[in-house]
Amino acid sequence: PSLKNFSPRNGFAWDPSGEGKFSVRGGFGLFHSQILSWCCTSAFFRSTPYAIRAEFDDDRPGDKEIINMFPRALDQLSSTAGAVLEPPLFTMSQPKQPYLMQWSLTLQRELMGDMAVTATYSGSRGVKLPRVADVNRPVATRGADGLWRYHCDSTGRGNTVCTQDADKRRANTSYGSITNRVWDGTSDYHGLRLGLRKRFSAGHMFQISYNWQKGMDEGSSIAGSPRESFNDAWLSPNHLDRHSDRGLSSFNLVQAFSANGALELPFGPGRRFGSGSDGILAKVFGGWQLNGIVQMNSGPPLNIEGNPARTCSVCNNILGNIKDGEQFPKNAEDPNGWFISGDKMKTITDEEFPFTQPTPGRLGNLARNAGTGPGIINVDFSFLKDITLTEDTRIQFRAEFFNVFNRTNFQGPVRARATHSRGGTITRTFGELVQTATTARQIQFAVKVLF
């Protein structure tokens, strides 16, 4: 950590009523994200001479024959193959110190002796955040209309080759992709949280919470790890202009609702019903408790990708392109085609498809994370039974049901977010859901001894 990382914090609390039943709290803090060793490591094991990487597509002439030779497709690589003559490289620009400014304002009011309502606004802004891009693409220029162009024409094998120098399409012809990390990204977050809470009394308690939020950034993923983000591209489509990457954060869930509660059933000794019971009857009907958790949230943003070969022959992670005058399709909510139903995707024509390929040499016109994935509804339930053995010892039986209604909660498309293939054809699996975000119903039983 640098000694220059001055991180001031300030907070306050105020009771306008003077009765201890109303509070106003607020604060501001500056936090630094430490530049740890992983930030300085390059994936050398993925670079020459330790490894050779090559990409093949099953819908382009020539590549299909190689793919059909799997698993020994790479045996067909010669000493003059592009993956050998132009090996990939991993680099990093001079690191800058990332930092985050956070602030919040909370109003809390007691309604009754055991109940309080809360409203909180919170926000943050991140500065000098890392962003990853292939910086060895053909040189792009920005026109007077604000659009970036790669000065390419569609030629040969359905690919896009730069006319300025077809044989030297990359800026540095000694390498293929140069994956570089820069430190110029920003992020913004604003959220509103409403809550109602009752503390445990009279045999019951509950909490209810509703969140509305919006997070924007120029890149939420920087490592390419599936554990990091499944719904966003980790490589910037255009390293020259971070503003063109501006979009919803990959973890932005616009709305989220949650509730939980516990209820002791009013049966048995000391309860409303059967307060005078004893012996076996008291042990059977007393000591029951019910618990529940409800979670509902809207779906995360999804990055819609297009055909990168239309932009440049070596491009990747290119944003999709929607036809002029078309609106992003309303979710069909079909696991076989989340945006457009799976049955329609099987036969849809270019004229019916709302997405199209961009003009050769151009970037797609969709914003990053323009789509929205499936949300989650999940209910967990449990009941407990306490049996008192002695004054200091009791046995507790537990039955817990996770996803008690066995609802299938899907994860957004992981490998089916591209509208078109590199060969220019419509991706028939566009929007297909193949993974779940939560487990199926699970039931577990347990016995605890408390002493």
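Is cysteine 312 buried or exposed? In this predicted model, cysteine 312 is buried, with a relative accessible area of 0%.

**Figure 1. The disulfide between cysteine 312 and cysteine 315.** The sulfur atoms of cysteine 312 and cysteine 315 lie 1.9 Å apart, and the two residues form a disulfide. A disulfide is a covalent bond between the sulfur atoms of two cysteines. The count for the model comes to 1 disulfide. The torsion about the S-S bond is about 110°, and the disulfide is therefore right-handed. Cysteine 312 has a relative accessible area of 0%, and cysteine 315 has one of 1%. Because buried means under 20% relative accessible area, cysteine 312 counts as buried, and so does cysteine 315.

Figure 2. In soluble globular proteins, nonpolar side chains tend to be buried together. The largest nonpolar core of this model contains 14 residues. Within this core, Phe339, Met345, Phe353, Phe355 and Phe430 touch the most other members. Which residues does methionine 345 touch, not counting residues up to four places away in sequence? With that exclusion, methionine 345 touches Ile340, Phe353, Ile426, Thr427, Arg428 and Phe430.

Figure 3. The volume of the second largest pocket is about 550 Å³. Which element gives the most to the lining? The strand β10 does, with 6 residues. By class, the lining of the second largest pocket divides into 15 nonpolar, 12 polar and 4 charged residues.

**Figure 4. The largest cavity and its lining.** The count for the model comes to 1 cavity of 30 Å³ or more. How much space lies in the largest cavity? The space in the largest cavity is about 100 Å³. This cavity is lined by 17 residues, of which Glu218, Gly219, Ala233, Leu235 and Ser236 are the closest to its centre. The lining of the largest cavity comprises 8 nonpolar, 4 polar and 5 charged residues.

Technical notes:
Residues numbered from 1 in each chain as written. Predicted model: local features only at pLDDT ≥ 70, side-chain atom pairs only at ≥ 80, totals over all residues. Heavy atoms only, no water. Disulfide = S-S within 2.5 Å. Buried < 20%, exposed > 50% of the residue type's maximum accessible area, 1.4 Å probe, protein only. 1 Å grid on protein atoms, 1.4 Å probe; cavity = no way out; pocket = protein on both sides within 12 Å on 5 of 7 lines; lining within 4 Å. Points joined across faces, edges and corners; volume = space filled by probe spheres on them. Helix = DSSP H or I, 4+ residues; strand = E, 2+ residues; numbered from the N terminus. Nonpolar A, V, L, I, M, F, W, Y, C, P; charged D, E, K, R; others polar. Core = buried A, V, L, I, M, F, W, Y, C linked by side-chain atoms within 4.5 Å. Contact = heavy atoms within 4.5 Å.
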